[in-house]
Amino acid sequence: MQLSDSSSRILAGLLEARTGQQLTMSRRWRIETALSALLRERGIATLDELITILVMGKEPSLSQEVVEALLNNETYFFRDRGPFDVLQRHVLPELAKLRDKSKRLRIWSAGCSTGQEVYSLAMLFAEAPEQWRGWTIDILGTDVSTSCVDRARSGVFTQFEIQRGLGINQMIKWFEEVPDGWRAVEPLRRPVRFQVHNILEPIPHPGDFDIVLCRNVLLYLSPEKKALAFERIAGAMAGDGWLMLGAGETVIGQSNKLGADVNARGLYRLVGDGSRIEKRLVDRRSATGA
Ligand SMILES: C[S@@+](CC[C@H](N)C(=O)[O-])C[C@H]1O[C@@H](n2cnc3c(N)ncnc32)[C@H](O)[C@@H]1O
């Protein structure tokens, strides 16, 4: 399949307009592989024919399918294990104290793909039922891709997908066999919900999230779009909440509302006006006359 420069520019432009994701020249080789299944299903012979149909605007749903096929949805359970250990050892115990009165936690996984990250989080709570008894845990997973959100919502994974990240004992404990794969059991499905949402749009309800995960989502956004995404995320966080990014991602130099958590590698917190942490420090200092 030969892809002309102008066709690849049109497809890259469509992807960026809908999601902010940039397909730089060095990554345009992905286009042909990513779209081959869609072309086969739709009986479209070449990418240039696809572009003609898109430009004529006769099939509005086709452009969304193209965008979804071009997105990178790579994910797996407990991806890069370390951050989940930090959550378990550092953040959740701290939040258990901070939210002891309300006994409510809100977590947002932005760019959750097919849901493995969200169910991994649900597992952290389900593995410690005594500790979280009486708590309301709300884990929201959002993604710009409707097909990803539909799959995440179904809670059904193939054995291969589950075993990328989970051992056989966890698979048997947390999934039940169904005709089309393995379905997350009710204790994992109960605290989670999913919604189609673009990280560049206003934040999803109810906001005030105690933890936001936005991992491996913003890598290919332009600096302006990245700054906008961080602005949205900062606006969605509780004043004393945490942000977790993917390995190798950072807010440094890209947001003046977020700063690294010195106590937890890979985690970020609000700084300046939005921060309840700084407010607590100031209150403590004025109470002690420091
Ligand atoms: C590489 S996956 C990462 C999934 C998961 N966070 C992880 O780290 O395993 C990136 C996900 O971000 C989603 N995405 C890309 N642009 C987005 C946007 N503007 N808003 C919301 N989700 C987006 C993609 O559809 C994809 O599912």
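**Exercise 1: The largest pocket**

In this predicted model, helix H1 (5-19) and strand E2 (136-143) each contribute at least two residues to the lining of the largest pocket.

Task. State the volume of the largest pocket, identify the residues closest to its centre, and classify its lining.

Solution. 
- Step 1. The space in the largest pocket amounts to about 500 Å³.
- Step 2. The lining of the largest pocket comprises 30 residues, and Gln-21, Asn-72, Gly-111, Asn-216 and Val-217 are the closest to the centre.
- Step 3. By class, the lining of the largest pocket holds 11 nonpolar, 12 polar and 7 charged residues.

**Exercise 2: The second largest pocket**

Task. Determine the volume of the second largest pocket and which element gives the most to its lining.

Solution. 
- Step 1. The volume of the second largest pocket is about 280 Å³.
- Step 2. Its lining consists of 13 residues; nearest the centre lie Phe-125, Ala-126, Trp-132, Pro-187 and Arg-190.
- Step 3. Two or more lining residues come from each of helix H6 (116-126) and helix H7 (129-132).
- Step 4. H6 gives the most, with 3 residues.
- Step 5. The lining of the second largest pocket divides into 10 nonpolar, 1 polar and 2 charged residues.

**Exercise 3: Packing of H2 with H4**

Task. Describe how helix H2 (residues 30-42) packs with helix H4 (residues 60-70), and decide the handedness of the crossing.

Solution. 
- Step 1. A packed pair of helices is described by the angle between the axes and the distance between them.
- Step 2. For H2 and H4 the angle is about 140° and the axes lie 9 Å apart.
- Step 3. Roughly antiparallel requires an angle over 145 degrees; H2 and H4 are therefore oblique to each other.
- Step 4. The crossing of H2 past H4 is right-handed.
- Step 5. On the H2 side, the contact involves Arg-30, Ile-31, Ala-34, Leu-35, Leu-38 and Arg-42; on the H4 side, Ser-61, Leu-62, Glu-65, Val-66, Ala-69 and Leu-70.
- Step 6. These contact residues comprise 8 nonpolar, 1 polar and 3 charged.

**Exercise 4: Packing of H1 with H4**

Solution. 
- Step 1. The axes of H1 and H4 cross at roughly 90° and come within 10 Å.
- Step 2. The contact of H1 with H4 contains 6 nonpolar, 3 polar and 1 charged residues.

Key:
Residues numbered from 1 in each chain as written. Predicted model: local features only at pLDDT ≥ 70, side-chain atom pairs only at ≥ 80, totals over all residues. Heavy atoms only, no water. Axes fitted to C-alpha atoms, helices over the stretch in contact; angles between N-to-C directions. Helix = DSSP H or I, 4+ residues; strand = E, 2+ residues; numbered from the N terminus. Parallel < 35°, antiparallel > 145°, perpendicular 65-115°, else oblique. Left-handed = near helix turned anticlockwise from the far one by under 90°. Contact = heavy atoms within 4.5 Å. Nonpolar A, V, L, I, M, F, W, Y, C, P; charged D, E, K, R; others polar. 1 Å grid on protein atoms, 1.4 Å probe; cavity = no way out; pocket = protein on both sides within 12 Å on 5 of 7 lines; lining within 4 Å. Points joined across faces, edges and corners; volume = space filled by probe spheres on them.
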